[in-house]
Amino acid sequence: MAARLVYIPRMCDHAETLAAALRRCGVPAEVLPPTDEKTLELGRKYTSGKECHPFTVTTGDFLKKITEPGFDPQRSAFLMPTASGPCRFGQYHQTQRIILDRLGYRDVPIFSPDVRDSYGRSMGLGLKFRRLAWRGIVAVDLLNELAAAIRPDEKTSGAADKLHAYYLAMISKAIEAKNGGIFKTVKEMKRDFFALPRLNPGHKPLIGIVGEIFLRCNPACNADIVRKVEKLGGRTYTAPISEWFYYTNLGYIYESWLRRSPQGFARALLADLIQRWDERRLGHRQPSALKLIRLASPYLHHTFKGEAILSIGKALDLIENGAAGIINIMPFTCMPGTVVSAIAKQIEIPWLDVSIDGTEGVNLEIRLEAFMHQAASYKKSVPRARERK
Amino acid sequence: MRNYLGIDIGSVSVKVVVIGENFEILEKRCVRTKGNPAAVARELVENIGARFALAGVASTGSGGKLLKAEFVNEIVAQSTAVGKLYPHIKTVIEIGGEDSKLLIMEKGKLKDFAANSVCAAGTGSFLDQQATRLGLSIEEFSRLALRSKRPPRIAGRCTVFAKSDMIHLQQKGTPDYDIVAGLCLAVARNFIGNVGRGKKIEKPVAFHGGVAANVGMVKAFECVIGLADGEVFIPEHFALMGAIGAVISCLENDRFARGDKINIKEIFIAQSKENKSRFHSPLGRRGSEESSPGLNMLPAGNIRAYLGIDVGSVSTNLALLDENKNVLVRKYLATAGRPIEAVKRGLLEIKDEIGGRVEVLGAGTTGSGRHMIGDLVGADIVKNEITAQAEGALHFEPAVDTIFEIGGQDSKYIALEKGAVVDFAMNKVCAAGTGSFLEEQAEKLGLNIRREFAEFAFASSSPCGSGDRCTVFMESELNHHLSRGAPQADLVAGLAYSIVNNYLNRVVENRRVGENILFQGGVAGNRAVVAAFEKITGKRITVPPFHDVTGAIGAALIARRERNRAKSKFKGFDLNKVTVESEAPVFDGKSAAAAKPPDLFAERDEIIFSYKKISGGKKIGLPRALLFYENFPFWSAFFSALGFEVVLSDASTPELARAAIENKAAEACFPITLSYGHVRDLAAKGADLIFLPSVIGQPAPSSESAENFNCPFIQALPYFIKAGFNHDNILSPPLEPQRGKAFFEKQLINFGRGLGKNKKETQDAIRQAQEKLREAEQRIKARGREVLKQNVPALAIISRSYNGSDPALNLNIPQKLREMGVLAIPADYLPAETEATAAMYWSCGQKILAAAKFVDRQPALSAVYITNFRCGPDSFISHLVKETITAKPYLQIEVDEHSSDTGIITRLEAFLESWQRA
């Protein structure tokens, strides 16, 4: 596999640092070109249209790469992580395998790190890769949070975006470089963001964005929801990507304990501790997975596994911390997302479900405007951080 | 004197209102946009600006940003208007041309709202279309509804479903006023179910938007919400509430400039440029013009001929062929909801031309109305439209390998090899990519579909992308382009691309597209669509002569080929002299009187749902839904052993389904939605407790695997129900049978403790429950072996047990097959071994794939795979089933709230035909 170039779906900014971590470990890696109309055209052609939207997008991106001149099946591979249910995500790589086979690309492998050991044996690369990848993910989470927090109040339009682009490249560089420097880079990144001149910081209503992981962090596929909210006078906080890994760690710890596997238990616990430590060193904070599950427990039992419990937990945590509205992003017909939207009916806060199928509708704009109108009046009516029920 | 202009630019009409200083309405207008909202708005504003001095202009609506006025979001505008003018109102229903909204108000402020998101069902345009279809003005439509005493049930989840239901009702001869009332009720129910989605509708209720003028709709809402006559409040300016609210909102937020008069010219802005990436390449000119088909010269003297009639939802076609298969006469008539009338008229026209000289040797009918018309005219043969279309195509091109057929409501794809049908597909639950869609959209753009469409399309240099999904999505994309002011030619050309993309992606899917392609059906006459087909497939597309009547030609040819009696049953060209008797339905020529195979599904219901009822204890309700279709024996025995009286909900009925749709809290799949109805039924039956466990997985077939999950929707059943339904005593323990026997037992013992039972009592109950379940499973397997031993051709229904057995979910497919003399076998009757693999972590998927594998290996068997719209697992499992069943054709049917007998029978018949030939 050493000679194969691994193509990573452009799910979010984190894909860049993941590629950097792979390269640092000697695996040639590249992020797939941005998703566009051609992606959707190819994706729809080879899917039935009933699968979830991220499947259509990633399949389309794979096929777009394959049909590019110069693509070498003998020296290429795709990355598509997997899970063992219960939602549809774990089916992606298998069905993509079928599609590639039908098209005659039997010899192009799809690498699939698995959720069951919390991605522990990621492609046989071991601890070094895992730790590098993790630091990259956390650093980009932090970068995105800083940009989302500062941009709505910036004095000079475009300043935060400029810093964002610069530091995304710097983080990847630091991950890939032999001598590291990620901690220093992140420190400078924080300093530079806070040094940007701002107007009236923190006064705009805060909109929490939760939901399906592929879409919520992917402006090319989520109708650029963050910018739309900002244009309508709000600021956003999007649930970070790293959240999911703490959840899968917890799952691995719990399963090891249930199966009386001290080895697995110790390994999982240790990995989680190291990840937390790294996160703290990078100066990023978030509520623990256990806390989110506890917050969600009046609505959803922890045995219902997957993103839904995180979305509910994170939404409640954000409400506790002064959010004026929640947006739940999901692919059209997403199963966990649909469960979240049912449960949300019992939560008192302006709430908007956004289901994405790849068509541009006038409707989203209308609903978003009315939602922002509600959020603004909600903010007025609940001046301080609200008490959790 | 300060006057303000409020303008509401919608996709169907522009509403303007001039409001004076004292809040008086000085002027109001409502003008249809006819596809050009920007121009209409501009004209109106200029006209008003010339007559009034305006101090400010506030705009709202989907096209509100076409002007540089103070823009107010339409939900905000509507809620501001009602809050200011009628602060006592608690709920607003707003239905306009293309959108509908539900506003929940609290003390004159917007508390919550919902808008139709991905679905345009239940909108004004939909009602307009249906009125046109019935040949009524919208006013007549509205009044007619009040006459109905027994409105029929029409599906309202999607405009397309409702439409096809309506067509089938017409074909059954239901009076217009009942259909109209049924449509209104469907729209109202759809609104409450899909837009409202479990939001509580509190009195007083106001009704805004253009549709509020429709008294039939008002009555339907009163009926659906459960209000008294006249209780729905219609504001005086119901259609103008948006425009009025926009002005009020701007005044309240001080958004108008200080001066008394603004310069009206300043509010017109240049139409924004579109993002180039959403465009297709130009269609170009089609090289060869279609040769106009010539009819054969009528021979002198007496003619011996064969008659074919194709009765479709949109058109009724007749063809008369001589003994040498030459087309002598063809008729293409609009069905217009009255197929009998259309056929009578067509026959009379033939009679007038040559009737006296023709001896009909054989007559065949096809199309969705083939059975009824077959009886009426005395057809010798009644054939499904797949077979008929193929026959028609082969007549013109014996080497044809692919047929694209796009008609009014249906589209088909047929693959042939050496003249035999080897594969086919029909548009599933949606009618996107059909002629009706094109016609509606052309009408909206003010174009004549026959004369102008292609001309406009060929003039476009950058056709708009209009999406390629269902009609509803296409429509909103089109509206989107419209509201941005895209040129008409580009929209039209974009539509040609849409219909083709949709057809190829949704109907043909991954099936083979050959080299010898015929394009048939009414839409084949549209040269722009032909060009789009050629552009996209990169292949030459042939439109045969008489492309619009190939079905009728095929029916005539089949009548000729299968002629088996000296004298035709044909009753003659003048049907006014013929009386219609009702006969037993005839399925594609076979008599239904033959011995029927056993009804295994009824037997299975008996095995699963019979139980000994123990009266006296607390009543515990179990829904006859979802997994209870498999494990009811377990739970009924479990609770009986613990001293409860078990209450089972009734089998699903249309009423139960309707109640379910009105109570649902989210857009889950239909089986989940249906369970709301069962829970309601249990409450009505006086259950003290309702048992809705969150069952995470199924016992693993091998002890190795713990990944044997139920789908997330099944797991979340209690969470869905609790979000839409208030019942204090829902028991919803999380249960994880997939973790093994001991673990599951521990969970049940815990659960038993909550019910006041000790460990021993619960363990006893578990033992009895397991015994009962084993017994039921053994009976099922034993009967399965018995049936399979006979080795008769049969169809396995390889679906989840509830999809196969629940009468609201299976469209009576097992019963219909039985009527046709075909044995239908439930999936769990097959001795198929399931394997749990990491790859297939859903228990349902393991079972479906195991059944598929078994069917593939048994020469006597094929399969019907019943699935649901919005079924997450099946969207992937269906790929795997396709990889598994390779030795023979099988049929996949997607079921929804929509249920249409006629459509299903056609598909079953055509499938049986190709299975028998394969």
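Guide: Strand S15 (residues 402-406) of chain B pairs with strand S16 (residues 411-417) of chain B over 5 bridges, in the antiparallel sense. Strands here are DSSP runs of E with at least two residues, helices are runs of H or I with at least four, and both are numbered from the N terminus. Two strands count as paired if DSSP finds at least two bridges between them. Within this pair, B:Thr402 stands opposite B:Ala415.

This is a predicted model, in which local features need pLDDT of at least 70 and side-chain atom pairs count only at pLDDT 80 or more, while totals for chains, interfaces and linings use all residues. Residues are numbered from 1 along each chain as its sequence is written, and chains are lettered from A and ligands numbered from 1 in the order in which they are written.

The pair belongs to an open sheet of 5 strands in chain B, in the order S17-S16-S15-S18-S19, with mixed pairing. Strand S17 (420-426) and strand S19 (541-542) of chain B are at the edges; each has a single partner strand, so one side of each has no neighbour in the sheet. Helix H11 (residues 385-396) of chain B packs on the sheet and touches S15, S16, S17 and strand S18 (517-520) of chain B. Touching means contact: the C-beta atoms of two residues, placed from the backbone, lie within 7 Å. The direction of H11 makes about 60 degrees with that of S16(B). Such angles run from 0 to 180 degrees between N-to-C directions, with axes as lines fitted to C-alpha atoms, for helices over the stretch in contact.

Elsewhere, chain B meets chain A: 54 residues of chain B are in contact with 47 residues of chain A. Among the elements that give two or more residues to this side of chain B are helix H14 (471-483) and helix H15 (488-508) of chain B. The residues on that side divide into 25 nonpolar, 17 polar and 12 charged. Here Ala, Val, Leu, Ile, Met, Phe, Trp, Tyr, Cys and Pro are nonpolar, Asp, Glu, Lys and Arg are charged, and the others, Gly among them, are polar.

Among contacts in chain A between residues at least 6 apart in sequence, 70% join residues at least 24 apart.
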